[in-house]
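Reader: Could you walk me through the pockets, rings and side-chain contacts of this model?

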Amino acid sequence: MKMQFNTPAPKQNKFEIELKDFRGGVNRLLEESRISFNEAKEATNLIQVQDGLWKPRWGTAYYGQDLGAAIDGASEFVKTDGSTEIIAIAGGKAYKSSDGGAWSEITGATFTTGNTCYFLQISGFLYIANGVDSLARYNGTVLTTYTEISAPTGLSGARTGLASGSYTMYAQVTAINEIGETTGSTEASITLNKPRDQWASTDYVTWSWSASAGATAYQLYISETSGYESLLTSSTAVTYKDDGTIAINPYIEVPDSNTTGAPKFRSMAVSGNRIWATNDVDNPFTVYFSGTGQFMGVFSDFYGGGWINLEKGGRERPRKVLHYQSGAGEGIATVLCSTPEGRGAVWQIGISSATVGDTSFSIPSATKVIGSYGTDSQLGVAQDANNVWFINRRGIFTIGPEKQYYGILRTNEKSSRIRNYIRGLVGSMIDKACAYHYDSKIFFSVPTSTSGNNRTIVYDLERTNWIVDWSFGAKQFFEYTDNSTTKTTHFMYVPVNGTRLIEIGESIQGDLGVAFATAYVSGRYQLSKLWKDFVRLKRVYIKRGNPRGSMTFEIAGAGKNEPFSSLGSVTISETTSMTGMGYDLMGDVEMGDTEGTPTTFSDSADPRYIDIKKKIRDIQFRITTNSIDSDYTLLSFILEGRAIKTSPPSSWKLN
C-alpha cells in the first residue's frame, strides 16, 4: 500500500527579518527614520565588544586615598629603579603615592589652587607646569622650582679712541642663569664720530653694567637703531670691550620675556631631543624650545634653546605642542592653534643650526599646514598610532598623512555622525575638554553644561564608530601601572570636582558603587520596501548573551490607525543557580574538605520573545537597565510576521 503525506502549503507573504549587525555605532546627525539598520539613535552608558555588539560600559571606582582637597592634576612618575608613583597636585601641594597607598607630601614647591597642572617626564625629571606658578620639577625625592633672576641695571658705554659725533650706538644687556635669560636692561646709548665698521684697531667702546644676583653670564645686544638690538657677545664679566671685530648676530634679538625661571607655559612635549612648550598667557604667540643633551629643559639661546612667535598679533593662538610627523614622515614639533570662531590651524616647526663669528645658535622656522584645523583645548588632544585627534567648537578632527600623496598632511572631521551633539556642547567650556587614547579607543570628556566636563564620548578605533555618551566627566585622563607582580595598568581620571582619583575598569560595577542607567535606542526602521506599506507583525525575538540582573525591553511603532507609540514592553529578570563541590556530604562521602566556591551560570545565547500582533509600518527598539548588577550582550533581533495589502489610513488624505 502506497503511503501519501499531505504537507501544508506555506503561508503566503510571510516574512522574517534578523537584525544582528550593530557596527555602525551611534548616529546623531540623521533623523531616527533615516539611520541605517546597523546604527543606533542612542547608546547611553554602553560599549561595543566582539564584532560590534552592545553591552553596558565599564564602571568606575575610587582609587587610592582621599587627598582632602580638589585635585588640580595627576600623573604617573617612573623612578630610576623602575618603580612607579602617582604624583597629584591638590590644595596647592604636591603628593605622591604608590599602588593606592597613603599620600605623602613632596616639599620644595607650592601651586596656586584652581589651575590645572600639566606633566612631562624626561631625563629623570617630572616637569610640572600650570601657566601661573614657576615651572617645577620632581626628581623622585623633592621638588625644585626655576628661580627667576632680574635683568642687569646701570648699563653705560665709554669711548676709547673715538669721539662724540653724529653716529649713535644703542645697547641692552641681559643676565643668564642655568635655566634661561632675562629681558633686556634699560636701553643705553653712546654717540660716536665713526660707524662701527670703520673703527681703527685702537678704537673701542667699553660697556659696563651692574651684576644680577644669581646670574652665571650676560649677553650684550647692540644696534645702530633704537629698539632693534641684536646679539653681539656673551660674557661672564660685567664689562665688555667692543672693538668692532665681532659680527653682530642678526638672528638673535633681545628676549621678550624672562626665561630664567622658565616661561610660564602650560603645554609641553619632547621633540627632537628638546622640550617644546607653549600656551603662555603673557606671551600668547610664542613657542619655546630648550637645548639638547645636558641643556634639556634650559630655554635660553645661550644654551641652545630659543623661541619663535607664530604670526604675532594674528588671530591664531598656540594651544598645544606635540611631537608628530611632517608629510614626509619626519618627526617634527607640531603646534595646534585656536581661533575665535573655533577652526584653528596647525603649524610645524623645524630647527637648523648656524654660526656667526664664534657663536653657534639654533634657528627655528615655522610652516603652517595648509587647510588645517586646530584645537581650543590643550588637554583635548590625543594620539593613536597614526593620527592626532583633537576637538574644537566645530567638531572632532584628526591630522595625518594623506594616502597616495607624499609629503601632504590633511585634517579630516571624524565627528560628522555626531556633529549635532558636538555643536550642542557649551562653547565657553570647550577649552576644558580632555582626550586620551586607551584600549584602541579615543576618549573625549566634554561639557554639556556650564559646570564643566560632565559626559564622556568614545570613538572605537577597531570598529570605527562613535559611542555617545557615558554619564561621567573627567578633568584629566592618565594611566598608572602599579608595582605588583602582574604590573596591572589602571586607566584613571581626575574628577572635575572631587578629592579622590577614579579608576575606569571593565570589571567594575556601577559608578562609585552606585548603579548607572543604560539605554539602547535603535533607529526607526520601515518594515516594507516602501514606507507606505504595512505588515502584520506577529512577534519580536531578542537574543542576549550572558544576561544578568534585569532589563526592560520595549518595542514602539506606528500603527495603521494609531500614531507612533509603544507596542509592548516587558521587564526581563534573570534567575541564577549556584553549584560547587564541597558544600555538603553526598551520603557518607565528603567531596572535598573546603566550603567550595559558588558558580553562577548564565546562558551565552539567551532567546526571548514578545507578541505584538498589530498592523504597523515601522519599528523601534529600546533596551534599558537601572540596577548595578545588570549586564548583557545584545546579540540580535528577529521580527516575524506577514506582509499585507491594505489601503492607506484616511488620516493621510489631504483632500
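Predicted model: local features only at pLDDT ≥ 70, side-chain atom pairs only at ≥ 80, totals over all residues.

Reader: OK, what is the volume of the largest pocket?

Author: The largest pocket has a volume of about 880 Å³. On a 1 Å grid over the protein atoms alone, a pocket is an open set of points with protein on both sides within 12 Å along at least five of seven lines, whereas a cavity is a set where a 1.4 Å probe fits but cannot get out; lining residues have an atom within 4 Å of a point. A volume is the space filled by probe spheres set on the points, which are joined across faces, edges and corners.

Reader: And which residues are closest to the centre of that pocket?

Author: Of the 31 residues lining the largest pocket, Phe119, Met268, Lys320, Tyr436 and Phe477 are the closest to its centre. By class, the lining of the largest pocket has 19 nonpolar, eight polar and four charged residues, where Ala, Val, Leu, Ile, Met, Phe, Trp, Tyr, Cys and Pro count as nonpolar, Asp, Glu, Lys and Arg as charged, and the others, Gly among them, as polar.

Reader: How does the lining of the second largest pocket divide?

Author: The lining of the second largest pocket divides into eight nonpolar, 15 polar and ten charged residues. That pocket has a volume of about 720 Å³, and of its 33 lining residues Thr116, Tyr118, Arg266, Asp431 and Lys432 lie nearest its centre.

Reader: What about cavities, how many of 30 Å³ or more are there?

Author: There are four cavities of 30 Å³ or more. The largest cavity has a volume of about 50 Å³, and its lining includes Glu181, Pro255 and Trp307.

Reader: Switching to rings, how many aromatic pairs does the structure hold?

Author: The structure holds 36 aromatic pairs. Rings of Phe, Tyr and Trp (its six-membered ring) pair if their centres lie within 6.5 Å, and planes under 30 degrees apart count as stacked, over 60 as edge-to-face and the rest as tilted. The ring centres of Trp276 and Phe289 are 5.2 Å apart and their planes are at 40°, so this pair is tilted.

Reader: Are Trp276 and Phe289 buried or exposed?

Author: Both Trp276 and Phe289 are buried, with buried meaning under 20% relative accessible area, exposed over 50% and partly exposed in between (1.4 Å probe, protein chains only). Phe443 and Phe491 form another tilted pair, at 5.0 Å centre to centre and 55° between the planes. Phe443 lies in strand 36 and Phe491 in strand 40, so their pair ties together parts that are 48 residues apart in sequence; strands (E, at least two residues) and helices (H or I, at least four) are DSSP runs, numbered from the N terminus.

Reader: Last one, which side chain does Ser636 contact?

Author: The side chain of Ser636 makes a polar contact with the side chain of Glu18 at 3.4 Å. A polar contact is a pair of N or O atoms within 3.5 Å; within protein, one must be able to donate a hydrogen and the other to accept it, and residues adjacent in sequence count only if both atoms are side-chain atoms. Ser636 lies in strand 52 and counts as buried at 4% relative accessibility.

Technical notes. Residues numbered from 1 in each chain as written. Heavy atoms only, no water.
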